[in-house]
Amino acid sequence: MPLAGWKQLIPPANVFRGKGRYPVEAYSEFMPPPRLGWKAYSPDAPDLQLFDTEDPWGWHVTEYEEHNEMQLGLMQVARQVISKLHHLLHGDHLHGPPNRVLQDNLAWTPELAAHCGKLEHDRCVVLMPLALSRTQDDKGRVRWTLFGGSEQGPAKAFWKSFQAAPGSTEQEHLGPDFLCHLLRTVYHEAVQTVADLKKIGFRILPLGEPTKDFWSEGELPAWTTPLVLSESSTLAGVKYVLTFRPFGQLPNAVRQGYLKGKIHLLPTPPSLLFWGSPHYLQLHRELPLGLQVPLLYL
């Protein structure tokens, strides 16, 4: 049986054993990454504080890291991102994202730009996957570091965040619970279940053909079936649409509904512009992780 999850990262025992097989570079010349999970001087077993043998797809983050680094850091990122997008939506380009990111962007069309300052119904909801990793500085301090937007595209991380393992249905309630909480908090809707979501006009429009093949959001969870909006579906009674398609690729009826203030798009359309810039899509050919860069401008 092939190994699954983090167990695929554990090398054979003899890979780094023997003369010249585990060189240690001088810090003055090369800053090595932090050694996590299994250190060279540890016994032949992974770090049980990071990995649980019963949970091959889990990666343990301590309460200390979460409270002192992750939560504080993500709040700081959210404030800056939402502030920039809010200024953009209200026509203040001086304090919005740089023009280079906006230029010829699939998610920022001339049609959308022409309505800046008129989209008062948009609450600037952001559902944004980030590229995070633990890094080590020149003093050996290990911290969580933001590298930008996820190079895996705008949708994949969102749908996978509700699964404990690929194909798992044990935590199916997490997706509906999250969306109900979001709509209660932001739009003051009285929703508790998938049936409630459907009743108030909440729908999900699949990503469709992704800009990059590896950005595919995959098969949507089974609980989304009654909420999925097809290309030919009528928009009668539809008030909220969750989709990760760039604005320029949305059906015309959805675009017009949003521009007229009749439909709320989640996430807000300009939050997808970090995955729609042709300059960075071109950079991907030579530097794949360059797709993380646009978000850093904020």
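I note at the outset that the model is predicted.

**Entry 1: helix α7**

I then examined the helix itself. Helix α7 covers residues 252-259, and I found Val254, Arg255, Gly257, Tyr258 and Leu259 buried within α7. I next asked what covers these buried residues. The cover includes α1 (63-89), α3 (110-113) and β5.

**Entry 2: the protein as a whole**

I counted 9 helices and 5 strands in the protein. Read from the N terminus, the order of elements is α-α-α-β-β-α-α-α-β-β-α-β-α-α. The C-alpha trace spans about 70 × 45 × 35 Å along its principal axes. Of the 298 residues, 39% are buried. For contacts with a separation of 6 or more, I recorded that 66% join residues 24 or more positions apart.

I also looked up surface and charge. The accessible surface is about 17200 Å², and carbon and sulfur atoms contribute 55% of that area. There are 28 positive and 30 negative side chains, and the centres of the two sets are 4 Å apart.

**Entry 3: the open sheet**

What is the strand order of the open sheet, and in which sense do its strands pair? I read the order as β3-β4-β5, a sheet of 3 strands with parallel pairing. β3 (202-204) and β5 (264-266) are the edge strands, each pairing on one side only. From one strand to the next, the twist averages 20 degrees.

I followed one of the pairings at residue level. β3 pairs with strand β4 (residues 240-242) in the parallel sense, over 3 bridges. Arginine 203 has valine 241 in β4 as its bridge partner. β5, an edge strand of this sheet, is also among the elements that cover the buried residues of α7.

**Entry 4: the hairpin**

I turned to β1 and β2. Strand β2 comprises residues 142-149, and its pairing with β1 is antiparallel over 7 bridges. The two strands form a hairpin with 5 residues between them. In the turn, glycine 140 has a positive phi of about 80 degrees. Arginine 134 stands opposite tryptophan 144 in β2.

**Entry 5: glutamine 136**

Is glutamine 136 buried or exposed? I located glutamine 136 in strand β1 (residues 130-136). Glutamine 136 counts as buried because its relative accessibility is 17%, and the cut-off for buried is under 20%. I then listed its contacts, leaving aside neighbours within four places in sequence. Glutamine 136 touches Tyr27, Met31, Pro32, Pro33, Pro34, Arg141 and Val142. Of these contacts, Val142 lies in β2, which takes in residues 142-149.

**Entry 6: alanine 195**

Is alanine 195 buried or exposed? I placed alanine 195 in helix α6 (residues 194-199). Its relative accessible area is 55%, so alanine 195 is exposed, the threshold for exposed being over 50%. I also recorded one distance from this residue. Proline 176 is 19 residues away along the chain, and its C-alpha atom is separated from that of alanine 195 by 9.8 Å.

Terms used. Residues numbered from 1 in each chain as written. Heavy atoms only, no water. Helix = DSSP H or I, 4+ residues; strand = E, 2+ residues; numbered from the N terminus. Buried < 20%, exposed > 50% of the residue type's maximum accessible area, 1.4 Å probe, protein only. Contact = heavy atoms within 4.5 Å. Areas by Shrake-Rupley, 256 points an atom, 1.4 Å probe, with all protein chains shown as cover. Lys, Arg positive; Asp, Glu negative; His and termini not counted. Charge placed at Lys NZ, Arg CZ, Asp CG, Glu CD. Pairing = 2+ DSSP bridges. Axes fitted to C-alpha atoms, helices over the stretch in contact; angles between N-to-C directions.
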